[in-house]
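Reader: I would like a close look at one part of this model. Please keep it brisk.

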Amino acid sequence: LAMITTGSQQGLDLIARAYVNPGDKVLVPNPGYPTYSSVSKLAGAEIIHYDLTDENHWLPDFDALEKLDLSGVKLMWINYPHMPTGTAASLELFEKVVAFGKKHDILICNDNPYSFILNDNPLSIFQVEGAKEVCVELNSLSKSHNMAGWRVGMIAANPTFIQYILRFKSNIDSGTFKPMQLAAAKALSLDETWYKEVNSTYVKRRELVYEIMDTLGCTYDKSQTGMFIWAKVPDAVSGKELTDKILYEAKVFITPGLIFGSNGEQFIRISLCSNEQMLQDAIARIKKAIA
């Protein structure tokens with residue numbers, strides 16, 4: 001089953017509050033979307049960060065996870081395609097995560113809003129046999145259908161899990177404004193042409209972001225998916241040092257990877273949400289500042 005939410009952020013909060021009691025432990029990726037930590041803290045959880053590293057292609061190290069004290073762990077947040085690194089999902093990864101969740105009786109939550117953006121192989125964790133027994137998955141129209149601000153998302157899970165979450169949600173709000181629901185239904189009925197057109201725009205923007213990264217001497221993986229480009233900065237500086245320099249000298253804001261966790265310290269992230277003119281202006285400013 002699936003239930004509508006006021007954006008996927010509300011969905012994250014509902015899942016944490018429905019499944020986590022004060023003192024329970026939650027596995028949070030480093031680097032990862034900061035909201036995973038926020039909603040876990042609001043639910044009173046003890047956060048256990050698990051490392052994602054460049055050397056392991058930003059995938060969970062299950063050998064390292066098995067060495068952790070997993071007693072009391074109720075929930076594991078994952079997010080593939082991954083933000084901020086752009087690492088794509090794979091059935092092999094999802095199979096390993098589902099097996100891990102079953103083995104340790106941990107609810108696996110896959111936050112999946114980037115599945116249709118610059119991604120030739122959209123996947124759901126529910127394509128893995130047995131995933132419905134131990135997983136929930138979120139998605140959002142903010143990303144895939146350019147409906148940011150409309151606040152329409154969803155949680156998919158088995159009927160029992162949905163009832164647990166709905167029981168909590170029904171005490172917080174009375175549902176999503178009907179015109180928003182109708183707009184979402186229309187958006188979901190769009191054919192492949194819509195996604196191709198949107199992605200063609202992102203492709204053009206991505207080339208300009210590559211130029212920014214090249215200008216800054218950064219290295220990056222061109223197989224990234226989603227609406228951001230994640231890049232490693234030169235060894236002589238940290239991501240924060242480089243972004244501060246560009247902000248103050250070129251008046252261009254670039255996100256330092258450190259805000260997503262300590263493993264992002266040597267990285268930066270640029271969004272593909274800025275239009276081509278803004279990106280071209282940023283290139284000109286940066287080149288002038290570092291000339």
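Reader: At what angle do the axes of helix α9 and helix α10 cross, and within what distance do they come?

Author: Bear in mind that this is a predicted model. The axes of α9 (residues 239-250) and α10 (residues 276-290) cross at roughly 95° and come within 9 Å. Angles of 65 to 115 degrees count as roughly perpendicular, so α9 and α10 are roughly perpendicular to each other. On the α9 side, the contact is made by K245, I246, E249 and A250. On the α10 side, R285, I286, A289 and I290 make the contact. By class, five residues of this contact are nonpolar and three are charged. No polar residue takes part.

Now α9 itself. Its 12 residues should span 16 Å at 1.5 Å a residue. The end C-alpha atoms are 16 Å apart, which agrees. G239, L242, T243, I246 and A250 are the buried residues of α9. Seen down the helix axis, they fall within an arc of 95°, so they line one face of α9. An α-helix has 3.6 residues a turn, so residues three or four places apart point the same way. The buried residues of α9 pack against α10, and also against β10 (255-256) and β11 (267-271).

Next, the two ends. S238 sits in the loop between β9 (228-232) and α9. S238 counts as buried because its relative accessibility is 12%, and the cut-off is under 20%. Leaving aside residues up to four places away in sequence, S238 touches V233, E265 and Q266. At the other end, K251 follows α9. The phi of K251 is positive, near 60°.

Terms used
Residues numbered from 1 in each chain as written. Predicted model: local features only at pLDDT ≥ 70, side-chain atom pairs only at ≥ 80, totals over all residues. Heavy atoms only, no water. Axes fitted to C-alpha atoms, helices over the stretch in contact; angles between N-to-C directions. Helix = DSSP H or I, 4+ residues; strand = E, 2+ residues; numbered from the N terminus. Parallel < 35°, antiparallel > 145°, perpendicular 65-115°, else oblique. Contact = heavy atoms within 4.5 Å. Nonpolar A, V, L, I, M, F, W, Y, C, P; charged D, E, K, R; others polar. Buried < 20%, exposed > 50% of the residue type's maximum accessible area, 1.4 Å probe, protein only. Expected span 1.5 Å × (residues − 1). Arc of directions from axis to C-beta.
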